[in-house]
Amino acid sequence: YDASLADLATTAIRGDQMTALLRAVKAGRLLVIFDSCHSGGAVDPKAPTDLAHGLRDDYYAGLAQGRGRVVMASSLPEEESLILKGAPNSLFTTHLLAALRGAGPTLGDGYVRVFDLFRHVARQVPAQARRVHRQQTPIFKATAMEEDFAVALASH
């Protein structure tokens, strides 16, 4: 957010640098989410979810299953990532947070998986953008993804 167009060399990170940094991450599962204007131009496959103490071991085990590298971006390379007037978060983040809480369709087993997140934002973001006469299309890229791995516990 603090990059300067007048000095991109020292205030921004190049796409090839970001790609190299992400490729250096040796995690079995990696979920990277970009929520910025033109973020779809940054997709070449950030942080683990903090869990409350006291969860049952089987919840942790479910979250630890699967392998793969997934990148979600809030918009196509030629699109802006919208923040609607008066909203505390961007349109994409609003719907991503709702999906992380289990607002979208899930398998009903108490987990929110990668595809659950994307299915929700892919439906909600463009529909709400159209209502304000704009266009925003979230994108999804995955490599070496063995299964639709869990990223959160559904809160309801």
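The legends below describe close-up views of a predicted model.

Local features are reported at pLDDT of at least 70 and side-chain atom pairs only at pLDDT 80 or more, whereas totals for chains, interfaces and linings use all residues. Residues are numbered from 1 along each chain as its sequence is written, and side-chain values use heavy atoms, with hydrogens and water left out.

**View 1. Elements of the protein chain.** The protein chain has 5 helices and 5 strands, where helices (H or I, at least four residues) and strands (E, at least two) are DSSP runs numbered from the N terminus. In order from the N terminus, the elements are α-α-β-α-β-α-β-α-β-β. Of the 156 residues, 35% count as buried (buried means under 20% relative accessible area, exposed over 50%, and partly exposed in between, with a 1.4 Å probe and protein chains only).

View 2. An open sheet with mixed pairing is formed by 3 strands in the order β1-β2-β4; two strands pair if DSSP finds at least two bridges between them. Strands β1 (29-34) and β4 stand at the edges with a single partner strand each, so one side of each lacks a neighbour in the sheet. Direction ignored, neighbouring strands of this sheet are turned by 10 degrees against each other on average. Strand β2 (residues 68-73) runs antiparallel to β4 and is joined to β4 by 5 bridges. Arg-69 stands opposite Thr-143 in β4. Helix α2 (residues 15-24) lies across β1 and β2 and runs at about 155 degrees to β1. Axes are lines fitted to C-alpha atoms, for helices over the stretch in contact, and angles run from 0 to 180 degrees between N-to-C directions.

**View 3. The packing of helices α4 and α5.** Two packed helices are described by the angle between their axes and the distance between the axes. The axes of α4 (residues 91-100) and α5 (residues 114-131) come within 9 Å and cross at roughly 145 degrees. In α4, Leu-91, Phe-92, His-95, Leu-96, Ala-98, Ala-99 and Leu-100 meet Leu-117, His-120, Val-121, Gln-124, Val-125, Gln-128 and Ala-129 of α5 (contact means heavy atoms within 4.5 Å). The residues of this contact comprise 10 nonpolar, 4 polar and no charged; Ala, Val, Leu, Ile, Met, Phe, Trp, Tyr, Cys and Pro count as nonpolar, Asp, Glu, Lys and Arg as charged, and the others, Gly among them, as polar.

**View 4. The surroundings of Gln-136.** Gln-136 lies in the loop between α5 and β4 (139-143) and is buried, with a relative accessible area of 1%. A polar atom of the Gln-136 side chain lies 2.9 Å from the backbone oxygen of Ser-74, and the side chain of Gln-136 also reaches the backbone nitrogen of Leu-82 at 2.9 Å. Leaving aside neighbours within four places in sequence, the residues in contact with Gln-136 include Ser-75, Glu-79, Leu-91, Phe-92, Val-125 and Ala-129.

**View 5. Two loop residues with positive phi.** Most residues other than glycine have a negative phi. His-133, in the loop between α5 and β4, has a positive phi near 60 degrees and counts as exposed at 75% relative accessibility. Ala-144, in the loop between β4 and β5 (150-153), has a positive phi of about 50 degrees and is exposed, with a relative accessible area of 65%.

Terms used: A polar contact is a pair of N or O atoms within 3.5 Å; within protein, one must be able to donate a hydrogen and the other to accept it, and residues adjacent in sequence count only if both atoms are side-chain atoms.
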